[in-house]
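Hi everyone, thanks for coming.

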Amino acid sequence: MSALFLAPLVVMVLGSLQRPLQPPPDGLDLWPNPAEWSNYSTVPRFMPLTRLLLNSLLLVVVAVPITVVVTSMAGLAIVTARGRTRRLLVGLSVFMLLVPAAALWVPRVVLLRALGLADTPLTVALLALAGTTPFYVLLFALACSRIPGALLEAATLEGLSPYGVWRQIALPLVRPAVVAVAALSGLFYWSTFMDPLTLVSSPANWPVALGLRSLSEMEAALYPIYLAAAVVVTAPAVLAFAVGQRSFFASVERP
């Protein structure tokens with residue numbers, strides 16, 4: 001599996017070092033000779049790379065904490081609900097998970113435009129207020145279901161508010177789920193494409209993934225520059241994934 005994951009990255013890096021305006025190599029070129037590192041410095045001439053990276057960074061910094069808070073609270077609410085209410089909430093979450101994302105594009109655009117919240121760098125971050133995806137809610141519900149019910153009831157009897165139970169009891173005990181949801185939602189918001197395509201019309205407010213798409217229309221002879229931009233955009237996501245994976249296993253192994 002790791003080889004299947006790394007192979008496209010290696011091909012992308014090697015392609016980014018090819019010389020532009022040249023025919024493609026004949027066969028497998030393991031290392032371009034000479035390697036055109038200048039392709040990376042050329043990328044800002046074709047797209048406002050710094051601005052787009054900052055837009056994506058702002059989007060991730062805002063959306064990920066909101067996603068973790070909303071989905072962890074919803075997951076705990078499902079676990080602490082009783083009988084039919086719990087089954088109803090789980091069924092509703094599963095039903096929303098089955099709704100195609102494309103079916104929500106038009107309603108989102110209409111709603112956000114009516115509220116005057118469309119076409120800003122943080123427009124896509126508003127999706128975090130709905131938990132980003134019901135899958136994260138179900139993930140937290142599963143994690144919270146492993147907390148002894150007696151512990152939650154005792155905390156309530158001691159006078160803790162629902163917020164206090166979530167903050168002081170549940171959240172520390174579901175740390176692996178917190179790390180997993182933070183990593184998954186971070187990767188989602190960094191690489192999201194269709195949501196900003198439908199919600200954000202101004203190029204100055206695009207996240208970097210949407211800006212990268214504009215380079216895909218370059219002529220084939222300039223594709224090394226496009227691949228160099230793709231490497232720059234992908235590198236933070238790969239680094240975040242590696243850090244998130246390490247943090248996840250550390251939180252699982254922690255007694």
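Let's start with a crossing: helix H3 and helix H6 cross in a right-handed way. A crossing is right-handed if the near helix is turned clockwise from the far one by less than a right angle, and left-handed if anticlockwise. Helices here are DSSP runs of H or I with at least four residues, strands are runs of E with at least two, and both are numbered from the N terminus.

Before going on, a word on where this comes from. This is a predicted model, in which local features need pLDDT of at least 70 and side-chain atom pairs count only at pLDDT 80 or more, while totals for chains, interfaces and linings use all residues. Residues are numbered from 1 along each chain as its sequence is written, and side-chain values use heavy atoms, with hydrogens and water left out.

Back to H3 and H6. Two packed helices are described by the angle between their axes and the distance between the axes. For this pair, the axes come within 7 Å and cross at roughly 55°. An axis is a line fitted to C-alpha atoms, for helices over the stretch in contact, and angles run from 0 to 180 degrees between N-to-C directions. H3 and H6 are therefore oblique to each other. As for the words: under 35 degrees is roughly parallel, over 145 roughly antiparallel, 65 to 115 roughly perpendicular, and the rest oblique.

Which residues of H3 and H6 make the contact? On the H3 side, find Thr67, Val68, Thr71, Ser72, Ala74, Gly75, Leu76, Ile78 and Val79. On the H6 side, they are Tyr136, Val137, Phe140, Ala141 and Cys144. Contact means heavy atoms within 4.5 Å. By class, this contact has 10 nonpolar, 4 polar and no charged residues. Nonpolar covers Ala, Val, Leu, Ile, Met, Phe, Trp, Tyr, Cys and Pro; charged covers Asp, Glu, Lys and Arg; the others, Gly among them, are polar.

Now follow H3, residues 49-80, to its meeting with H4, residues 83-98: their axes come within 8 Å and cross at roughly 140°. That makes H3 oblique to H4, and the crossing is left-handed. Ala77, Ile78 and Val79 of H3 touch Arg86, Leu89, Val90 and Ser93 of H4. Those residues divide into 5 nonpolar, 1 polar and 1 charged.

While you are on H4, look for Leu92, which sits in that helix. Buried means under 20% relative accessible area, exposed means over 50%, and partly exposed is in between, using a 1.4 Å probe and protein chains only. Leu92 and Pro134 are 42 residues apart in sequence, with their C-alpha atoms 9.1 Å apart in space.

Next, H6 has another partner, H9. The axes of H6 and H9 come within 10 Å and cross at roughly 170°, which makes H6 roughly antiparallel to H9. Phe135, Tyr136, Leu139, Phe140 and Ala143 in H6 meet Ala177, Val178, Ala180, Val181, Leu184 and Ser185 in H9. That contact divides into 10 nonpolar, 1 polar and no charged residues. The buried residues of H9 include Ala177, Ala180, Val181 and Ser185.

Let's visit the loop between H5 (102-114) and H6 (134-144), where Asp119 is found. Most residues other than glycine have a negative phi. Asp119, though not a glycine, has a positive phi of about 60°. In the loop between H5 and H6 you will also find Thr132, with a positive phi of about 70°. Asp119 is partly exposed at 27% relative accessibility, whereas Thr132 is buried, at 18%.

One more helix: H11, residues 208-215. With 6 of its 8 residues buried, H11 is largely enclosed by the rest of the structure. Those buried residues are Val208, Ala209, Leu210, Gly211, Leu212 and Leu215.

Finally, zoom out to the whole chain. How many helices and strands does the protein chain have? There are 12 helices and 0 strands. Of the 255 residues, 36% count as buried. The C-alpha trace spans about 70 × 50 × 30 Å along its principal axes.
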